[in-house]
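Grab a pencil and work through these exercises with the model open beside you. Try each task before you read its solution.

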Amino acid sequence: YKLKLAKMQKLQAQHELEESLPHLYLHKRYPFQAEFEAEFQKKYQIICAANQLGKSSSLIQRVIKVATEKELWEKYWPETVKTRMVPAQWWYLYPSMEVATVEFDEKWRPLLPKNENDPQYGWKIHLGKGGYVRLLEFRSGINLYFKSYEQSATNLQSGSCYLIVCDEELPVHLLPELQMRVNATSGYMWFGFTATLGQPLWKDIVEDRRKWQKEARIWQVSLYDCQKYADGTASKWTNERIKETIDRCTSDAEVKRRVYGRFVREEGLVYPTFSREKHVIPYYKVPDDWMVYVGIDYGSGGNKGHPSSIPFVAAN
(Lines give C-alpha, C1' and ligand atoms only; values in the text may rest on other atoms or scores of the structure.)
Protein backbone atom coordinates (compact mmCIF):
# COMPACT_ATOMS: atom_id res chain seq x y z
CA TYR A 1 0.00 0.00 0.00
CA LYS A 2 2.81 2.41 0.89
CA LEU A 3 4.56 1.71 -2.42
CA LYS A 4 1.34 2.28 -4.33
CA LEU A 5 0.68 5.53 -2.44
CA ALA A 6 4.22 6.76 -3.10
CA LYS A 7 3.83 5.99 -6.79
CA MET A 8 0.51 7.86 -6.92
CA GLN A 9 2.03 10.84 -5.16
CA LYS A 10 4.93 10.87 -7.58
CA LEU A 11 2.55 10.75 -10.54
CA GLN A 12 0.48 13.54 -9.02
CA ALA A 13 3.57 15.68 -8.50
CA GLN A 14 4.67 15.08 -12.11
CA HIS A 15 1.19 15.97 -13.37
CA GLU A 16 1.20 19.22 -11.37
CA LEU A 17 4.67 20.07 -12.71
CA GLU A 18 3.56 19.51 -16.30
CA GLU A 19 0.43 21.59 -15.73
CA SER A 20 2.45 24.45 -14.27
CA LEU A 21 5.11 24.54 -17.03
CA PRO A 22 3.25 24.20 -20.35
CA HIS A 23 6.18 25.60 -22.34
CA LEU A 24 8.07 22.41 -21.46
CA TYR A 25 5.29 19.83 -21.50
CA LEU A 26 2.24 21.01 -23.46
CA HIS A 27 3.42 20.05 -26.95
CA LYS A 28 5.44 17.19 -28.35
CA ARG A 29 8.36 18.33 -30.49
CA TYR A 30 8.83 17.59 -34.17
CA PRO A 31 12.44 16.66 -35.04
CA PHE A 32 13.27 20.17 -36.27
CA GLN A 33 11.83 21.68 -33.08
CA ALA A 34 13.94 19.45 -30.86
CA GLU A 35 17.06 20.33 -32.86
CA PHE A 36 16.24 24.03 -32.78
CA GLU A 37 15.72 24.01 -29.02
CA ALA A 38 19.09 22.31 -28.46
CA GLU A 39 21.14 24.57 -30.76
CA PHE A 40 23.09 27.33 -28.99
CA GLN A 41 26.39 27.49 -30.89
CA LYS A 42 25.13 29.21 -34.04
CA LYS A 43 24.26 32.86 -33.55
CA TYR A 44 21.82 32.97 -36.49
CA GLN A 45 19.09 30.32 -36.59
CA ILE A 46 16.35 30.17 -39.21
CA ILE A 47 13.24 28.01 -39.48
CA CYS A 48 11.58 28.26 -42.89
CA ALA A 49 8.67 25.85 -42.82
CA ALA A 50 5.27 24.94 -44.16
CA ASN A 51 2.15 26.24 -42.45
CA GLN A 52 0.81 24.81 -39.19
CA LEU A 53 4.04 23.20 -38.01
CA GLY A 54 4.44 25.19 -34.81
CA LYS A 55 7.10 27.67 -35.91
CA SER A 56 5.76 30.33 -33.55
CA SER A 57 5.33 27.81 -30.73
CA SER A 58 8.94 26.72 -31.19
CA LEU A 59 10.17 30.30 -30.85
CA ILE A 60 7.93 31.07 -27.86
CA GLN A 61 8.71 27.85 -25.98
CA ARG A 62 12.43 28.36 -26.40
CA VAL A 63 12.29 32.02 -25.35
CA ILE A 64 10.47 31.10 -22.14
CA LYS A 65 12.83 28.20 -21.44
CA VAL A 66 16.02 30.24 -21.86
CA ALA A 67 14.57 33.25 -20.01
CA THR A 68 13.63 31.21 -16.93
CA GLU A 69 16.54 28.77 -16.66
CA LYS A 70 19.55 30.83 -15.62
CA GLU A 71 21.92 27.89 -15.93
CA LEU A 72 21.47 28.10 -19.71
CA TRP A 73 22.80 31.66 -19.84
CA GLU A 74 26.36 30.45 -19.32
CA LYS A 75 26.07 28.42 -22.53
CA TYR A 76 24.55 31.24 -24.56
CA TRP A 77 26.38 34.30 -23.21
CA PRO A 78 29.48 33.06 -21.30
CA GLU A 79 31.29 36.42 -21.40
CA THR A 80 28.31 38.25 -19.98
CA VAL A 81 27.80 35.73 -17.20
CA LYS A 82 31.51 35.91 -16.25
CA THR A 83 31.06 39.60 -15.45
CA ARG A 84 27.97 38.76 -13.37
CA MET A 85 25.74 40.73 -15.70
CA VAL A 86 22.28 39.64 -16.78
CA PRO A 87 21.67 39.29 -20.56
CA ALA A 88 18.61 41.39 -19.92
CA GLN A 89 17.32 43.04 -23.10
CA TRP A 90 15.57 40.85 -25.71
CA TRP A 91 13.36 41.89 -28.64
CA TYR A 92 10.53 39.92 -30.23
CA LEU A 93 9.25 41.24 -33.57
CA TYR A 94 5.90 40.68 -35.29
CA PRO A 95 4.48 42.22 -38.51
CA SER A 96 2.47 44.71 -36.41
CA MET A 97 1.76 45.52 -32.77
CA GLU A 98 -1.83 44.42 -33.29
CA VAL A 99 -0.58 41.01 -34.43
CA ALA A 100 1.79 40.91 -31.46
CA THR A 101 -1.07 41.53 -29.03
CA VAL A 102 -3.31 38.88 -30.58
CA GLU A 103 -0.45 36.38 -30.70
CA PHE A 104 0.36 37.03 -27.05
CA ASP A 105 -3.21 36.27 -26.01
CA GLU A 106 -3.58 33.25 -28.29
CA LYS A 107 -0.11 31.65 -28.19
CA TRP A 108 1.97 33.10 -25.36
CA ARG A 109 -0.52 32.87 -22.52
CA PRO A 110 -1.21 29.12 -22.97
CA LEU A 111 2.55 28.45 -22.90
CA LEU A 112 3.68 30.76 -20.09
CA PRO A 113 4.23 29.25 -16.61
CA LYS A 114 1.00 29.22 -14.61
CA ASN A 115 2.42 30.75 -11.42
CA GLU A 116 3.14 34.34 -12.35
CA ASN A 117 4.73 34.97 -8.94
CA ASP A 118 7.11 32.01 -8.93
CA PRO A 119 10.68 33.24 -8.13
CA GLN A 120 12.12 31.31 -11.10
CA TYR A 121 9.28 31.10 -13.61
CA GLY A 122 7.26 34.21 -12.71
CA TRP A 123 6.47 36.92 -15.22
CA LYS A 124 4.44 40.11 -15.73
CA ILE A 125 3.08 41.64 -18.92
CA HIS A 126 3.15 45.42 -19.45
CA LEU A 127 0.90 47.11 -22.00
CA GLY A 128 1.81 50.18 -24.00
CA LYS A 129 0.02 52.79 -26.04
CA GLY A 130 -3.29 51.60 -27.46
CA GLY A 131 -3.35 48.60 -25.14
CA TYR A 132 -0.78 46.73 -27.22
CA VAL A 133 1.72 44.42 -25.54
CA ARG A 134 4.99 46.22 -24.87
CA LEU A 135 7.12 44.28 -22.37
CA LEU A 136 7.14 40.77 -20.94
CA GLU A 137 9.11 41.02 -17.72
CA PHE A 138 10.49 37.77 -16.30
CA ARG A 139 11.37 37.51 -12.60
CA SER A 140 14.72 36.08 -13.68
CA GLY A 141 15.75 39.54 -14.87
CA ILE A 142 15.03 39.14 -18.59
CA ASN A 143 13.02 41.90 -20.28
CA LEU A 144 11.41 40.90 -23.58
CA TYR A 145 10.26 43.93 -25.60
CA PHE A 146 7.72 43.51 -28.39
CA LYS A 147 8.49 45.39 -31.61
CA SER A 148 6.98 45.39 -35.10
CA TYR A 149 8.04 45.39 -38.74
CA GLU A 150 5.93 48.53 -39.19
CA GLN A 151 8.54 50.48 -37.24
CA SER A 152 11.18 52.19 -39.35
CA ALA A 153 14.81 51.17 -39.17
CA THR A 154 15.44 54.50 -37.39
CA ASN A 155 13.05 53.54 -34.58
CA LEU A 156 14.87 50.22 -34.16
CA GLN A 157 18.29 51.81 -33.71
CA SER A 158 18.50 52.12 -29.94
CA GLY A 159 19.35 49.18 -27.75
CA SER A 160 21.93 46.43 -27.40
CA CYS A 161 20.10 43.11 -27.44
CA TYR A 162 21.21 39.67 -26.36
CA LEU A 163 18.44 38.02 -28.39
CA ILE A 164 16.23 39.17 -31.27
CA VAL A 165 13.42 36.93 -32.50
CA CYS A 166 11.55 37.56 -35.76
CA ASP A 167 8.19 35.84 -36.15
CA GLU A 168 7.05 35.79 -39.81
CA GLU A 169 9.20 36.83 -42.77
CA LEU A 170 11.27 39.88 -41.90
CA PRO A 171 11.36 42.68 -44.52
CA VAL A 172 14.97 42.67 -45.63
CA HIS A 173 15.46 46.44 -45.27
CA LEU A 174 15.24 45.99 -41.47
CA LEU A 175 17.81 43.21 -41.29
CA PRO A 176 21.03 45.31 -41.27
CA GLU A 177 19.83 47.50 -38.41
CA LEU A 178 18.67 44.54 -36.33
CA GLN A 179 22.00 42.80 -36.84
CA MET A 180 23.72 45.83 -35.36
CA ARG A 181 21.63 45.45 -32.19
CA VAL A 182 23.26 42.07 -31.37
CA ASN A 183 26.81 42.84 -32.45
CA ALA A 184 28.06 44.34 -29.19
CA THR A 185 26.55 41.54 -27.07
CA SER A 186 27.55 38.62 -29.31
CA GLY A 187 23.82 37.99 -29.28
CA TYR A 188 21.49 35.71 -31.17
CA MET A 189 18.93 36.16 -33.94
CA TRP A 190 16.19 33.57 -34.42
CA PHE A 191 13.80 33.61 -37.36
CA GLY A 192 10.66 31.56 -37.97
CA PHE A 193 8.49 32.01 -41.06
CA THR A 194 6.71 30.63 -44.08
CA ALA A 195 8.06 32.32 -47.21
CA THR A 196 4.88 34.24 -48.03
CA LEU A 197 6.76 37.32 -49.27
CA GLY A 198 9.32 35.30 -51.22
CA GLN A 199 12.07 37.91 -50.85
CA PRO A 200 15.15 37.04 -52.95
CA LEU A 201 17.60 37.65 -50.08
CA TRP A 202 15.88 35.09 -47.86
CA LYS A 203 15.85 32.64 -50.76
CA ASP A 204 19.60 33.19 -51.15
CA ILE A 205 20.05 32.53 -47.43
CA VAL A 206 17.71 29.57 -46.93
CA GLU A 207 17.74 27.65 -50.21
CA ASP A 208 20.84 28.69 -52.12
CA ARG A 209 22.99 29.19 -48.99
CA ARG A 210 24.73 32.16 -50.57
CA LYS A 211 24.55 34.24 -47.43
CA TRP A 212 25.56 33.51 -43.83
CA GLN A 213 26.95 30.15 -45.02
CA LYS A 214 29.28 29.72 -42.06
CA GLU A 215 27.13 31.41 -39.45
CA ALA A 216 23.54 30.27 -39.82
CA ARG A 217 21.81 27.07 -38.77
CA ILE A 218 18.88 26.60 -41.13
CA TRP A 219 15.90 24.27 -41.08
CA GLN A 220 13.70 24.14 -44.19
CA VAL A 221 10.77 21.95 -43.23
CA SER A 222 7.88 20.39 -45.15
CA LEU A 223 4.74 18.71 -43.83
CA TYR A 224 6.26 15.38 -44.88
CA ASP A 225 9.21 16.02 -42.54
CA CYS A 226 6.79 16.16 -39.60
CA GLN A 227 4.92 12.88 -39.94
CA LYS A 228 6.62 11.70 -36.75
CA TYR A 229 7.55 13.47 -33.53
CA ALA A 230 11.10 13.48 -32.20
CA ASP A 231 10.19 10.59 -29.87
CA GLY A 232 9.21 8.42 -32.86
CA THR A 233 5.43 8.51 -32.38
CA ALA A 234 3.14 9.35 -35.28
CA SER A 235 1.91 12.94 -35.69
CA LYS A 236 -1.33 14.21 -37.21
CA TRP A 237 0.38 14.72 -40.58
CA THR A 238 -0.60 11.51 -42.34
CA ASN A 239 -0.39 11.23 -46.12
CA GLU A 240 -4.16 11.71 -46.28
CA ARG A 241 -4.02 14.88 -44.17
CA ILE A 242 -1.23 16.31 -46.31
CA LYS A 243 -3.19 15.50 -49.49
CA GLU A 244 -6.17 17.40 -48.08
CA THR A 245 -3.90 20.40 -47.49
CA ILE A 246 -2.57 20.20 -51.05
CA ASP A 247 -6.10 20.02 -52.45
CA ARG A 248 -7.04 23.21 -50.60
CA CYS A 249 -4.17 25.19 -52.13
CA THR A 250 -5.18 27.47 -54.98
CA SER A 251 -2.01 27.09 -57.06
CA ASP A 252 1.16 25.08 -57.41
CA ALA A 253 3.02 28.04 -55.96
CA GLU A 254 0.90 27.78 -52.81
CA VAL A 255 1.67 24.05 -52.55
CA LYS A 256 5.40 24.72 -52.73
CA ARG A 257 5.16 27.50 -50.17
CA ARG A 258 2.65 26.12 -47.66
CA VAL A 259 3.26 22.36 -47.90
CA TYR A 260 6.95 22.12 -48.75
CA GLY A 261 8.18 25.32 -47.10
CA ARG A 262 9.81 26.47 -50.33
CA PHE A 263 10.35 29.92 -51.83
CA VAL A 264 8.30 30.90 -54.86
CA ARG A 265 9.16 34.01 -56.85
CA GLU A 266 6.12 35.65 -58.39
CA GLU A 267 7.32 39.06 -59.48
CA GLY A 268 4.72 40.88 -61.55
CA LEU A 269 2.01 38.29 -60.86
CA VAL A 270 -1.16 40.39 -60.78
CA TYR A 271 -3.38 37.52 -59.70
CA PRO A 272 -1.66 35.50 -56.90
CA THR A 273 -4.02 32.53 -57.47
CA PHE A 274 -2.95 32.13 -61.10
CA SER A 275 -1.64 28.65 -61.90
CA ARG A 276 -0.12 27.83 -65.27
CA GLU A 277 -1.11 24.18 -64.87
CA LYS A 278 -4.71 25.00 -63.95
CA HIS A 279 -5.50 28.05 -66.09
CA VAL A 280 -3.57 27.55 -69.35
CA ILE A 281 -5.46 25.31 -71.79
CA PRO A 282 -4.24 23.51 -74.92
CA TYR A 283 -4.33 25.22 -78.32
CA TYR A 284 -7.85 25.94 -79.54
CA LYS A 285 -8.84 27.14 -83.03
CA VAL A 286 -10.90 30.30 -82.73
CA PRO A 287 -13.77 30.29 -85.31
CA ASP A 288 -13.26 32.74 -88.17
CA ASP A 289 -16.42 34.71 -87.39
CA TRP A 290 -15.34 35.60 -83.82
CA MET A 291 -14.06 39.08 -83.00
CA VAL A 292 -10.52 39.35 -81.65
CA TYR A 293 -9.53 42.30 -79.46
CA VAL A 294 -5.98 43.25 -78.51
CA GLY A 295 -4.74 45.44 -75.64
CA ILE A 296 -1.15 46.61 -75.36
CA ASP A 297 0.83 47.86 -72.37
CA TYR A 298 4.15 49.06 -73.78
CA GLY A 299 5.94 48.74 -70.43
CA SER A 300 8.36 51.23 -68.96
CA GLY A 301 11.49 49.76 -70.56
CA GLY A 302 15.00 49.45 -69.23
CA ASN A 303 16.51 46.83 -66.96
CA LYS A 304 14.36 47.83 -63.96
CA GLY A 305 11.13 48.68 -65.76
CA HIS A 306 8.19 46.33 -65.99
CA PRO A 307 7.89 44.39 -69.27
CA SER A 308 5.30 44.94 -71.97
CA SER A 309 2.09 42.93 -72.04
CA ILE A 310 -0.22 42.02 -74.92
CA PRO A 311 -3.49 40.23 -74.11
CA PHE A 312 -5.75 38.82 -76.84
CA VAL A 313 -9.45 38.32 -76.23
CA ALA A 314 -11.61 36.36 -78.66
CA ALA A 315 -15.38 36.76 -78.31
CA ASN A 316 -18.41 35.26 -80.08
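Buried means under 20% relative accessible area, exposed means over 50%, and partly exposed is in between (1.4 Å probe, protein chains only). We're working with a predicted model, where local features need pLDDT of at least 70, side-chain atom pairs count only at pLDDT 80 or more, and totals for chains, interfaces and linings use all residues. Residues are numbered from 1 along each chain as its sequence is written, and side-chain values use heavy atoms, with hydrogens and water left out.

**Exercise 1. The overall build**

Task: work out how many helices and strands the protein chain has, and whether it is more spread out or less spread out than a compact globule.

Solution. 
- Start with the secondary structure: there are 12 helices and 10 strands. Helices (H or I, at least four residues) and strands (E, at least two) are DSSP runs, numbered from the N terminus.
- Now the radius of gyration, which is 25 Å, well over the 20 Å that the globule rule gives for 316 residues, so the chain is more spread out than a compact globule. The radius is taken over C-alpha atoms, and the rule is 2.2 Å times the number of residues to the power 0.38.
- Next, the extents: along its principal axes, the C-alpha trace spans about 95 × 55 × 40 Å.
- On burial, 41% of the 316 residues are buried.
- Finally, contacts, meaning heavy atoms within 4.5 Å. Of those with a separation of 6 or more, 63% are between residues 24 or more positions apart.

**Exercise 2. The cysteines**

Task: find how many disulfides the structure holds, then say which cysteine sulfur is nearest to that of cysteine 226.

Solution. 
- A disulfide is a pair of cysteine sulfur atoms within 2.5 Å, and the structure holds zero of them.
- For cysteine 226, the nearest cysteine sulfur belongs to cysteine 48, 13 Å away.
- Cysteine 249 is in no disulfide either, and its nearest cysteine sulfur, again that of cysteine 48, is 15 Å away.
- Check burial too: cysteine 226 is buried at 0% relative accessible area, and cysteine 249 counts as buried at 15%.

**Exercise 3. Two positive phi angles**

Task: where do glutamine 52 and serine 186 sit, and what is the phi of each?

Solution. 
- Glutamine 52 is in the loop between S1 and H4. Its phi is positive, about 65°, although it is not a glycine.
- Glutamine 52 counts as exposed, at 59% relative accessibility.
- Serine 186 is in the loop between H8 and S7, with a positive phi near 55°, and it isn't a glycine either.
- At 41% relative accessible area, serine 186 is partly exposed.

**Exercise 4. How a helix packs**

Task: which residues of helix H8 are buried, and what do they pack against?

Solution. 
- Helix H8 covers residues 175–183, and its buried residues are Leu175, Glu177, Leu178, Gln179, Arg181 and Val182.
- Those buried residues pack against strands S1 (44–49), S2 (89–94), S6 (163–167) and S7 (188–193), and against helix H9 (200–206).
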